[in-house]
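Subject: Handover of a structure for your attention

Dear colleague,

Please find below the structure that I am passing on to you. My notes on what was found in it follow directly after.

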Amino acid sequence: WEITFISDLGPLPLLVADDLDLTGTVASMAVTKATVGILPPFNGPDYGSIVVADSTDLSILILDLKQGIPYYVRISASNAMGTSPSIMPYPPFQIPFPHPPAPPSVVG
């Protein structure tokens with residue numbers, strides 16, 4: 001079996017395998033990393049950030065996105081104690097596409 005993560009990005013810890021119930025003459029299990037994940041870049045001139053100061057805001061609208069380009073978002077929280085590690089939502093990215101045109105309002 002091979003597992004590919006499509007929702008968690010970046011380097012991930014190894015899975016914990018429970019082989020206590022394996023049966024057979026040579027039953028064994030191994031957990032390895034075939035490919036180490038890489039987080040998408042988040043720093044640079046093409047990247048931005050938004051600070052939400054109102055803790056009752058549970059969503060944010062990101063404007064001026066280009067169609068057909070995947071946008072990755074990560075989220076962290078800050079308070080007097082410091083800043084939390086960033087997390088990525090599921091799915092980890094969205095690709096904006098144009099909305100279909102509205103049906104005609106005057107026909108005939």
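The chain has a mean pLDDT of 79, and 86% of its residues reach 70 or more; pLDDT is the predictor's confidence in each residue, on a range from 0 to 100. Where pLDDT is low, the predicted coordinates should not be read in detail. This is a predicted model, in which local features need pLDDT of at least 70 and side-chain atom pairs count only at pLDDT 80 or more, while totals for chains, interfaces and linings use all residues. Residues are numbered from 1 along each chain as its sequence is written, and side-chain values use heavy atoms, with hydrogens and water left out.

Overall architecture

The secondary structure amounts to 0 helices and 4 strands, and the pattern along the sequence is β-β-β-β. Both kinds of element are DSSP runs numbered from the N terminus, helices being H or I with at least four residues and strands being E with at least two.

Of the 108 residues in the chain, 4% are buried. For the terms used here, buried means under 20% relative accessible area, exposed means over 50%, and partly exposed lies in between, with a 1.4 Å probe and protein chains only. The accessible surface comes to about 10300 Å², and carbon and sulfur atoms account for 60% of this surface. Such areas come from the Shrake-Rupley method with a 1.4 Å probe, and for residues only the protein chains shown count as cover.

Turning to contacts, that is, heavy atoms within 4.5 Å, I note that 44% of those between residues at least 6 apart in sequence join residues at least 24 apart.

The aromatic pair

A search of the whole structure finds 1 aromatic pair. Tyr72 and Phe93 form this pair, which is tilted, with 5.3 Å from centre to centre and 45° between the planes. Rings of Phe, Tyr and Trp (its six-membered ring) are paired if their centres lie within 6.5 Å; planes under 30 degrees apart count as stacked, over 60 as edge-to-face, and the rest as tilted. Tyr72 belongs to strand S1 and Phe93 to strand S4 (residues 93-94), so the pair ties together parts that are 21 residues apart in sequence. Tyr72 is partly exposed, at 33% relative accessible area, and Phe93 is also partly exposed, at 33%.

The nonpolar surface patch

Which residues make the nonpolar surface patch of about 650 Å²? The patch is formed by Ile50, Val52, Ile60, Ile62, Leu65, Val73, Ile75 and Ile87. Patches consist of residues with over 30% relative accessible area and no salt bridge, where like charges are joined within 9 Å and nonpolar side chains (Val, Leu, Ile, Met, Phe, Trp, Tyr) within 5 Å. A salt bridge, in turn, is a side-chain nitrogen of Lys or Arg within 4 Å of a carboxyl oxygen of Asp or Glu. Ile87, one of the patch residues, sits in the loop between S3 and S4 and is exposed, with a relative accessibility of 52%.

The loops

Met88 is likewise placed in the loop between S3 and S4, and its relative accessibility of 22% makes Met88 partly exposed. The C-alpha atoms of Met88 and Arg74 are 4.5 Å apart, although 14 residues separate them along the chain. Between Met88 and Ser76, which are 12 residues apart in sequence, the C-alpha distance is 9.0 Å.

Ser76 is located in the loop between S1 and strand S2 (78-79) and is partly exposed, at 41% relative accessibility. Apart from its neighbours within four places in sequence, Ser76 is in contact with Thr83, Ser84, Pro85 and Ser86.

The segment before S1

Asp64 lies in the segment before S1. Although Asp64 is not a glycine, its phi is positive, at about 60°, and the residue is exposed, with 78% relative accessible area.

Ala34 belongs to the segment before S1 and is exposed at 74%; its C-alpha lies 9.7 Å from that of Ile3, 31 residues away in sequence. Thr35 is in the segment before S1 as well and is exposed at 69%. The C-alpha atoms of Thr35 and Pro11, 24 residues apart along the chain, are separated by 9.1 Å.

With kind regards
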